[in-house]
4 protein chains.
Amino acid sequence: MKDDQLNIELNIEKKPVNQRAADEKMNLINRLKRIEGQVRGIQKMIEDDRYCVDTLVQLSAVNAALRKVAFSLLEDHTRGCVTGAIKSGHEDEAIKELMKVIQQFSK
Amino acid sequence: MKDDQLNIELNIEKKPVNQRAADEKMNLINRLKRIEGQVRGIQKMIEDDRYCVDTLVQLSAVNAALRKVAFSLLEDHTRGCVTGAIKSGHEDEAIKELMKVIQQFSK
Amino acid sequence: MKDDQLNIELNIEKKPVNQRAADEKMNLINRLKRIEGQVRGIQKMIEDDRYCVDTLVQLSAVNAALRKVAFSLLEDHTRGCVTGAIKSGHEDEAIKELMKVIQQFSK
Amino acid sequence: MKDDQLNIELNIEKKPVNQRAADEKMNLINRLKRIEGQVRGIQKMIEDDRYCVDTLVQLSAVNAALRKVAFSLLEDHTRGCVTGAIKSGHEDEAIKELMKVIQQFSK
């Protein structure tokens with residue numbers, strides 16, 4: 001896969017991502033920990049035969065939270081890796097990859 | 001909230017949901033457990049500074065899995081509670097509630 | 001296709017849809033006429049080489065408008081045909097069909 | 001609005017979009033013309049009291065076609081304007097704008 005080559009090349013360029021303050025990384029991890037807890041909560045709701053609509057509302061909240069995390073990460077990726085790739089002339093692959101990821105989320 | 005009243009009334013009607021074979025309930029819980037594990041895996045990916053696109057692909061997989069669980073639950077709800085409510089003449093509230101839930105997911 | 005049979009049977013039941021006031025039908029048609037005009041406007045924007053982001057914002061507005069029309073129609077369908085089918089004991093096919101349509105929109 | 005300033009600056013940079021072969025522009029316009037025709041067809045379906053599910057299936061097809069046009073345009077925009085802005089050091093605004101547009105579509 002050409003991705004590996006791209007990754008190696010981007011490693012040199014994607015400093016902004018590496019410099020992303022530790023607290024920004026922590027922020028993403030904390031949001032994912034909260035999501036993990038919510039998913040566990042939904043298991044409990046199903047176990048307890050809670051009213052389906054309440055469970056669906058919870059599922060939709062987790063879905064929204066997860067999409068927000070993905071969006072933050074997509075923004076980081078565009079500011080970091082994609083920008084770096086464009087500046088170093090590897091735009092074709094970086095944009096192709098970006099588009100593929102965006103398309104996957106719009107499904 | 002009128003939902004409580006609706007819930008009580010639906011309890012009589014939503015037998016199909018209660019009869020939902022234990023293994024169907026187990027199936028939903030197992031899928032959510034897998035999702036929980038995937039969310040934990042994504043935390044690890046961020047912690048390890050893994051390539052953003054790989055993390056985004058994982059996030060999109062969890063998103064799709066979560067939507068499938070929601071869809072299964074929505075189908076159960078429609079077959080169970082909504083059908084019961086319609087048969088017992090409480091269709092107005094049940095359909096209003098169903099529509100609200102569907103709308104929330106299309107956001 | 002069994003759908004035809006279902007349609008015939010539902011014709012007897014889906015009176016609520018037929019009774020849908022002429023102005024409600026007119027309302028949907030008018031919204032679609034506005035959407036048609038917006039789509040024509042977007043063609044013009046592309047023809048005129050307008051800034052892509054402005055065109056994308058317009059496309060996203062049309063998308064939202066179209067989804068709202070679909071949602072209104074889905075609600076009518078659930079209140080009319082699906083409710084009728086459930087009351088007359090044809091719930092299995094009606095719900096299967098409903099779920100298929102909802103799934104198509106969440107793509 | 002800062003967009004105007006950005007647009008002016010990007011005009012110098014977004015040559016790739018301007019160079020977009022006339023047939024690529026034609027391709028987008030033709031797809032939008034087809035969508036316009038489909039929207040007109042849906043008006044007719046509602047006028048003729050066609051079965052709601054058939055109308056919904058058509059609406060969902062138009063929705064998908066519209067999203068594909070938006071996606072093509074988003075890709076052009078990223079390859080053209082965004083890449084140009086990044087190369088000329090205007091990445092901050094260009095990426096902010098790009099993210100806003102992507103977010104609008106994920107709603």
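The legends below describe several close-up views of a predicted model.

View 1. Chain A holds 5 helices and 0 strands, and buried residues make up 49% of its 107 residues. Among the contacts in chain A with a separation of 6 or more, 67% are between residues 24 or more positions apart. Over residues 1-15 of chain A the pLDDT stays under 50. Where pLDDT is low, the predicted coordinates should not be read in detail. For the complex, the predictor gives an ipTM of 0.79 and a pTM of 0.80.

**View 2. The contact between chain D and chain C.** Chain D and chain C each bring 42 residues to this contact, and the area buried between them is about 4100 Å², of which carbon and sulfur atoms give 69%. On the side of chain D, the residues that lose the most area to chain C are I46(D), Y51(D) and L56(D), which together account for 16% of what that side buries. There are 4 salt bridges between the two chains; in a salt bridge between D49(C) and K25(D), the side chains meet at 3.3 Å, N to O.

**View 3. The axis that relates chain D to chain C.** Chain D is superposed on chain C, with an RMSD of 0.0 Å, by a rotation of 180° with 0.0 Å of shift along its axis, which is the relation of a two-fold axis. The same surface serves both copies, since 100% of the contact residues of chain D recur in chain C. Of the residues of chain D, E36(D) comes closest to the rotation axis, with its C-alpha at 2.8 Å.

**View 4. L59(D) in the largest nonpolar core.** The largest nonpolar core has 112 residues, of which L59(A), L59(B), L59(C) and L59(D) touch the most other members. Not counting residues up to four places away in sequence, L59(D) touches I42(D) and several residues of chain C, including L32(C), L66(C), V69(C) and F105(C). In soluble globular proteins, nonpolar side chains tend to be buried together.

**View 5. S60(A), a buried serine.** S60(A) lies in helix α4 (residues 52-87) of chain A and counts as buried because its relative accessibility is 10%, under the limit of 20%. Leaving aside its neighbours within four places in sequence, S60(A) is in contact with Q104(B) and F105(B).

**View 6. Salt bridges between and within chains.** Over all chains the count comes to 28 salt bridges. In one of them, R40(B) pairs with E36(A), the closest N and O atoms being 2.8 Å apart; R40(B) lies in helix α3 of chain B and E36(A) in helix α3 of chain A, so the pair joins two chains. R40(B) is partly exposed, at 38% relative accessible area, whereas E36(A) is buried, at 8%. E36(A), R40(A), E36(B) and R40(B) are linked in a network of salt bridges. Within chain D, E36(D) and R40(D) form a salt bridge at 3.1 Å, and both lie in helix α3 of chain D, 4 residues apart, about one turn of the helix.

Technical notes:
Residues are numbered from 1 along each chain as its sequence is written. Chains are lettered from A and ligands numbered from 1 in the order in which they are written. This is a predicted model: local features need pLDDT of at least 70, side-chain atom pairs count only at pLDDT 80 or more; totals for chains, interfaces and linings use all residues. Side-chain values use heavy atoms; hydrogens and water are left out. A nonpolar core is a set of buried Ala, Val, Leu, Ile, Met, Phe, Trp, Tyr and Cys residues joined through side-chain atoms within 4.5 Å. Buried means under 20% relative accessible area, exposed over 50%, partly exposed in between (1.4 Å probe, protein chains only). Contact means heavy atoms within 4.5 Å. Copies are superposed by least squares on the C-alpha atoms of residues with pLDDT of at least 70 in both. pLDDT is the predictor's confidence in each residue, from 0 to 100. Buried area is the accessible area (1.4 Å probe) that two parts lose on being put together, summed over both.
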